[in-house]
Amino acid sequence: MSERISRRKLFGMGAAGVAAAGAGAIAVRGAGGEPAPAQAASTSDPVPFYGEHQAGIVTPAQDRLHFVSFDVTTEKKAELAELLQEWTAAAARMTQGQEAGAFGAVGGQPEAPPDDTGEALGLPASGLTLTVGFGGSLFDDRFGLAPRRPAALADLPHLPGDALLPEISGGDLCVQACAHDPQVAVHAIRNLARIGFGRVSVRWSQLGFGRTSSTSRAQATPRNLMGFKDGTANLKLEDVALLREQLWVGPGDGAGWMTGGSYLVTRKIRMLVETWDRAPLAEQEQIFGRNKGEGAPLGGKAEFDVIDFDAKGPDGEALIKDDAHVRLAHPSHNGGARLLRRGYNYVDGSDGLGRLDAGLFFIAYQRDPHRQFVAVQKSLAGKDSLNEYIKHVSSGLFACPPGVRDAGDYWGRALFS
Amino acid sequence: MRTSLAIAAGALALAGLAACSTEPTAGGAGASAAPAAPAKGGPVAVAATDTECKVAVTEVAAGTSTFAITNGGSKVTEFYVYAAGDRVMGEVENIVPGLTREVIVELPAGSYETACKPGMVGKGVRGPLKVTGEHKPLSDDAQLSAATAGYKRYIKSQSDTLLTKTQEFVDAVKAEDIGKAKELFPVSRTYWERIEPVAEIFGDLDPAIDARENDVAEGEEWTGFHKIEKDLWVTKDVSEDGPVADKLMADIKTVVEQSNAAELSPVLLANGAKGLLDEVASGKITGEEDRYSHTDLWDFDANLQGSKAAVQALRPVLEERAPELVKTLDEKFAGAEAALGAHRKGDGWKLHTELSKDDLKKLSDAINALAEPISKIAAVVAR
């Protein structure tokens, strides 16, 4: 592979098996003549870490997720800023397929614990991205950050049907690790958590085993655990003008330190898959407003057909019902609000009642969550016929600062300096 | 839990500084047991009560000093001489009301603190102690051997008390005095848990003394503290436990002999300090250690103190080689002690079952915060 010192090279392990396993899952096809930011050519390659925006937002959604939320335990602002610098340095290394620290898992003093935990030795970068966000609770009176809290980071309102568990909601900081290899994503979070001991403490974390959204036209639309294609109408990296309008925080948006950043909403949505699986196909399709096979809007033929909300069936009834998910979530129904979604399917074992503890870990990025996510969720929470089969059990809102420019920069520098 | 560190268990090393009620041993290499007639001007009298710790003088000459502590209070007390960071320079445990015990301490010039600990808990009643006169700084190697010597002193004094307290516990069990045995259970374990990393070197004895029920392989006999714990708290019948109690005492005696004979290295001290916190993280915070009595916080506190003793023995070396690390360690030890201190109840601790999930998370965070810098010590002392 490349000349860089990779984990594989350090470990001196055969590369063939790894490369074969990683490559070919998603061939990144041409982006239809539209401008495409730098991206990995294969699922084993690294994604650039430095840039105007953080990687892991418009980066074509990788297959696996490990998401973690932290409470800050130190009371010193300087220690928090130091931690962000140490995290940035470790992330710059790990995303490029290197070990978390300079000595690595086996290169240090025998008496010292290794500065990398070692489970990613021999694995390529695997498209790892690490994306950091700041929760509203960080802007309380502990660090004097209250005056710098952006209006957009105001707490989300209670939404109808919320069954949120505080112990798996919120947090002062979050890190989203996405990669094509779950071991690489877990390795990254584990090493960041370790670096953070004494300054932060893990509040909750979530694994996702399969992406449910596409963030690039080069990707096929995956399916959620209800068996439907999800995120057909998602914002994609090729929609440059739309991203400026809907995704990235602009210079006049309030808190200057967020310019070039984006707001992240997470929702853990438990799916009652057992009852869903007993629903007739026609009911399932009515609930979504799309057919299950192609993902085409009812009345259409192909996935990306324009949705005709006025289409009527032979009986004169609307094909897409008033409470269909696709209608309620559509921008035309929500003042033009759109989201960049990059959620993941999860199964956290079973629930002791003979049911899978499964669902969607919903992740959405946007310029203003109150104008966008809240608007969409309000229309869904009140009416969506899908609600019978789902339950929102965790919620998070985080301000993800702009990208790290170079080795002298760090996550959140503009906020902490 | 067995440590993977192999160290040679050599011949009984030189007697270190220690204390016992009848025959105080003199400090320093090659010193032998001698009657209490050391420093010029005789012993420094210390009058200890439940609230006071009156030391006759606040300044002594560099070299060896003898302190004679009389417990005029109603609680069992301890006496310590601390250097910066609570490095134990000398200590005497288990001074019962009415008794006088002596301890001989070798002190280079500098500032120290004396402390009595009525009830044997907490920071104790502190006072300043100034030591003046000639003081030659130790060389690097000498510093390291001073560190292991200092820690051996600690092992010695802890294990002496371990013998006494275990005997009391065993006697109560054999007398089928369940109330008294229950009271003594966490107390005797305190001395065990403070020195466990050294005791653990002798792997076959640790399981015999400290195995939990699920640690025992099928067909093997379950013995030790926790077997008796279950009978005290669950079956409430210790009439069959005489042989188990005798075996516990015999095993403790063997382990104490072996511990005092063990050759220690600075790296072992460092890893022992870490090992004790691992014990806290894996057994005490989860409530698995004392699952019938729920007295896990006694063990927690003992592990923390034992860890601190090992770290502070290394302090002079660390101050020279990694001063920033010392600062962090001080801060994180204070953090862990404060987190634990919130759960003190009288002279003891709250039961594990009285702690909320949030309390346990805070304790876990404090231990994690401390264990990370502690894990860096071994490499510093090894270089």
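What follows is a tour of a predicted model.

Before you click, some housekeeping: residues are numbered from 1 along each chain as its sequence is written, and chains are lettered from A and ligands numbered from 1 in the order in which they are written. Because this is a predicted model, local features need pLDDT of at least 70 and side-chain atom pairs count only at pLDDT 80 or more, while totals for chains, interfaces and linings use all residues.

**Stop 1: chain A as a whole**

Along its principal axes, the C-alpha trace of chain A spans about 75 × 55 × 50 Å.

Now colour by pLDDT, the predictor's confidence in each residue, from 0 to 100. Chain A has a mean of 90, and 90% of its residues reach 70 or more. Two stretches to pick out are residues 1-5, with pLDDT below 50, and residues 8-38, also below 50. Where pLDDT is low, the predicted coordinates should not be read in detail.

**Stop 2: helix H4 of chain A**

Select residues 182-196 of chain A. This is H4, with 15 residues, and it reaches 21 Å from its first C-alpha to its last. That is close to the 21 Å expected, taking 1.5 Å times one less than the number of residues.

Which residues of H4(A) are buried? Among them are A:Val184, A:Ala185, A:Ala188, A:Leu192 and A:Gly196 (buried means 20 or more other C-beta atoms within 10 Å of the residue's own, exposed means 12 or fewer, and partly exposed is in between, with C-beta atoms placed from the backbone). The buried residues of this helix pack against helix H3 (77-94) and several strands of chain A, including S1 (64-72) and S4 (200-208). Just after the helix, click A:Gly198, which takes a positive phi of about 90°.

**Stop 3: the nonpolar core**

Stay with A:Ala185 and A:Ala188: along with A:Leu128 and A:Ala177, they have the most contacts inside the largest nonpolar core, which has 97 residues. Such a core is a set of buried Ala, Val, Leu, Ile, Met, Phe, Trp, Tyr and Cys residues joined through C-beta atoms within 7 Å. H3(A) gives the most to this core, with seven residues. Leaving aside neighbours within four places in sequence, A:Ala188 is in contact with A:Met94, A:Leu128, A:Leu130 and A:Ala177 (in contact means C-beta atoms, placed from the backbone, within 7 Å).

**Stop 4: A:Gly135**

Next, click A:Gly135 in strand S2 of chain A. Is this glycine buried or exposed? With 24 C-beta neighbours inside 10 Å, A:Gly135 counts as buried. Beyond its neighbours within four places in sequence, its contacts include A:Gly171, A:Leu173 and A:Phe398.

**Stop 5: over to chain B**

Finally, select chain B, with 12 helices and 11 strands. Of its 383 residues, 49% count as buried. Where the two chains meet, 11 residues come from chain B and eight from chain A. H11(B) gives the most to the side of chain B that touches chain A, with four residues.

How values were computed
Helix = DSSP H or I, 4+ residues; strand = E, 2+ residues; numbered from the N terminus.
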